[in-house]
Amino acid sequence: QVQLVESGGDSVQPGGSLRLSCAASGFSLYQYAIAWFRQAPGKERERVSCISSYSGITKYVDSVKGRFTISRDDAKNMAYLQMNGLMPEDTGLYYCAAELRQGDCSGLMGDYWGQGTQVTVAS
């Protein structure tokens, strides 16, 4: 059974922090590039960040650079997104996705997707 499960979403005030987790089961993450996406009502899905397999090279959308950090722990089959200095525009349903590839993580669409965890940033 192949599965990705996100957790850690919550409702926080502007300036707050959250750490999202993505747990993989049924396959080994080390061969997969990983990305975090988010989607808010009325908006298109946006790739927030990604991390490559093997090299661990990371990418971020400009709006989160300096605030978010993506990481992975292949021994635990886990990926994370640390989010600091949260803003209302960060609100959305956050998904993790994994794609079997060895190169740069840019442009990945995902072979496997989780069901999402909600992040709400409001006063």
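Author: Start with Gln82. Leaving aside residues up to four places away in sequence, Gln82 touches Ser17, Leu18, Arg19, Arg67, Phe68 and Thr69. Contact here means heavy atoms within 4.5 Å. The model is predicted: local features need pLDDT of at least 70, side-chain atom pairs count only at pLDDT 80 or more, and totals for chains, interfaces and linings use all residues. Residues are numbered from 1 along each chain as its sequence is written, and side-chain values use heavy atoms, with hydrogens and water left out.

Gln82 sits in strand β8. Strands (E, at least two residues) and helices (H or I, at least four) are DSSP runs, numbered from the N terminus. With 19% relative accessibility, Gln82 is classed as buried. The cut-offs are under 20% relative accessible area for buried and over 50% for exposed, with partly exposed in between (1.4 Å probe, protein chains only). One of the residues that Gln82 touches is Arg19.

Asn77 is not a glycine, yet its phi is positive, near 55 degrees. Asn77 is buried, at 15% relative accessible area. Tyr54 also has a positive phi without being a glycine, at about 65 degrees. Tyr54 belongs to the loop between β5 and β6 (58-60). Tyr54 is exposed, with a relative accessible area of 51%.

Now the cross-links. The whole structure holds 2 disulfides. A disulfide is called when two cysteine sulfur atoms are within 2.5 Å. Such a link is a covalent bond between the sulfur atoms of two cysteines. Counting bonded cysteines along the chain, the pattern is 1-3, 2-4.

Take Cys22 and Cys96. They are joined at an S to S distance of 2.0 Å. Cys22 is in strand β3 (residues 18-25) and Cys96 in strand β9, so this pair ties together parts 74 residues apart in sequence. Both cysteines, Cys22 and Cys96, are buried.

Next, Cys50 and Cys105. Their sulfur atoms are 2.0 Å apart, forming a disulfide. This pair links distant parts of the chain, 55 residues apart: Cys50 is in strand β5 (residues 46-51), and Cys105 is in the loop between β9 and β10. The link of Cys50 and Cys105 is right-handed, with 65 degrees about the S-S bond. Cys50 is buried at 2% relative accessible area. Cys105 is buried at 0%.

Finish at Ser106. This residue is in the loop between β9 (92-100) and β10 (112-113). Ser106 is partly exposed, with 36% relative accessible area. Ser106 touches Arg47, Cys50, Lys59 and Arg101, not counting residues up to four places away in sequence. Between Ser106 and Cys50, 56 residues apart along the chain, the C-alpha separation is 7.1 Å. The side chain of Ser106 also makes a polar contact of 2.5 Å with that of Asp104.

Conventions. Polar contact = N/O pair within 3.5 Å; in protein donor to acceptor, adjacent residues only side chain to side chain.
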